[in-house]
Amino acid sequence: MKSIYLDNAATTPILPEVITVVSEAMHTVYGNPSSTHQIGRKAKSLVETARKNIAKHFNASSNEIVFTAGGSEADNLILHNAVTNLGVTTIITSKIEHHAVLHTIAQLQKEFNIAVCWVELDENGSVNYNHLAQLLQQQSGKKLVSLMYVNNEIGNVLDVRKVSSLCAEYDALFHSDAVQAVGHYPIDVSVNSIDFFAASAHKFHGPKGVGFAFVRNGFGIKPLLFGGEQERGARAGTENVHSILGMEKALVLAYENLEKDTRYIQEIKNYFIAKLKSNFPQIAFNGWSAEASKSSYIILNVRFPKSYAMLLFNLDLKGIAVSGGSACQSGSNKGSHVLNEILNETEAAKTSVRFSFSKFNSKKEIDFVINALKEILV
């Protein structure tokens, strides 16, 4: 049975070139970067070169990149630091953020009694920027806005320039969970005043278990993990050298091929949308996921006309890997918090499936999926 992988928003296949880099590093770069001998210094040098190469893709300085175990840790580090170190007393966010943000904010509210304000969303999950401006104007004290760059379930792309402008106008810090954007969209921190963002390598064909936080110069960091002085004191623990080098390679390849890959994947997505519309006229699309100008070219969230309890299971039996929402909540029986927020109860009860694409998908695979859906849904 041929396997068709359409769950790239959950994780992506590791590129062969990345596997080569990781494998070679595991064989030859075995020194501890904190060691002062030659073998340790070699590891340290490669980690710092990777940091510099990663930073330049965002017009950032290398000392603004903190390596982490992934996007969730980066979000935790940034948000916790904003409250405990930078004096933030109010966080403005939305109810459709990733749980790495929502659960961290909830814990910070419990521990430090910060104020949390929820920006209004329209029926497609887009931020009401007028309401965001009102919230920023109304709140006193140190404020931080936390809004994700690309929603991981419905693919909506944030107007980052607009949010940056509002934060600058009302003297607020701006954090973005950019896990679904890094490696897929150009991000220039010298143009858009993002103060902090989180990234994870496995979303752009790199290894799992490694990512980074961007923290703009001038905002010191108090660590979440204590022990050593690694990452300039921002994160204790011996650096995951081979994964960091793999992440560097994956990011370099992502941005070298960005234009070509974007065009190809968008074509695959458009082809799938057209096939779905012609074969299943009663389906709908959640958020702006079917609108190329407002949505990630990788994510399509499809709402079927009724509830099909076994749809994901039956697709899996046919070798088709998709998701009902975020992979991080796949074990939950509560359904998608994103769809529950933007859809009414009737529409939210229908079966929704997130299909997410990569450059390894083909139109032939899409035809197979369409035929499988026809067989399952008859």
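Start with the charged side chains: select Lys and Arg, which count as positive, and Asp and Glu, which count as negative, leaving out His and the chain ends. The protein has 36 positive and 35 negative side chains, and the centres of the two sets lie 3 Å apart. Each charge is placed at NZ of Lys, CZ of Arg, CG of Asp or CD of Glu.

The model is predicted, so local features need pLDDT of at least 70 and side-chain atom pairs count only at pLDDT 80 or more, while totals for chains, interfaces and linings use all residues. Residues are numbered from 1 along each chain as its sequence is written, and side-chain values use heavy atoms, without hydrogens and water.

**Whole chain**

Show the C-alpha trace next. Along its principal axes the trace spans about 65 × 55 × 35 Å. The radius of gyration, taken over C-alpha atoms, is 21 Å, which agrees with the value near 21 Å for a compact globule of 378 residues; the globule rule is 2.2 Å times the number of residues to the power 0.38.

Switch to the cartoon to find twelve helices and twelve strands. These are DSSP runs numbered from the N terminus, with helices (H or I) of at least four residues and strands (E) of at least two.

Now colour by accessibility. Buried residues make up 54% of the 378 residues; buried means under 20% relative accessible area, exposed over 50%, and partly exposed in between (1.4 Å probe, protein chains only).

**A three-strand sheet**

Select β9, β10 and β12. They form an open sheet in the order β9-β10-β12, with antiparallel pairing. β9 (284–285) and β12 (352–356) stand at the edges with a single partner strand each, so one side of each has no neighbour in the sheet. Two strands pair if DSSP finds at least two bridges between them. Strand β10 (residues 299–303) is joined to β12 by five bridges. Zoom in on Val302, whose bridge partner in β12 is Val353.

Most residues other than glycine have a negative phi. The last two stops have positive values.

Select Asn113, in the loop between α4 (99–112) and β4 (115–118). Its phi is near 55°, a positive value in a residue other than glycine. Asn113 counts as exposed because its relative accessibility is 67%.

Finish at Arg232, in the loop between β8 (211–215) and α7 (241–256). Phi of Arg232 is near 55°, a positive value in a residue other than glycine. With a relative accessible area of 53%, Arg232 is exposed.
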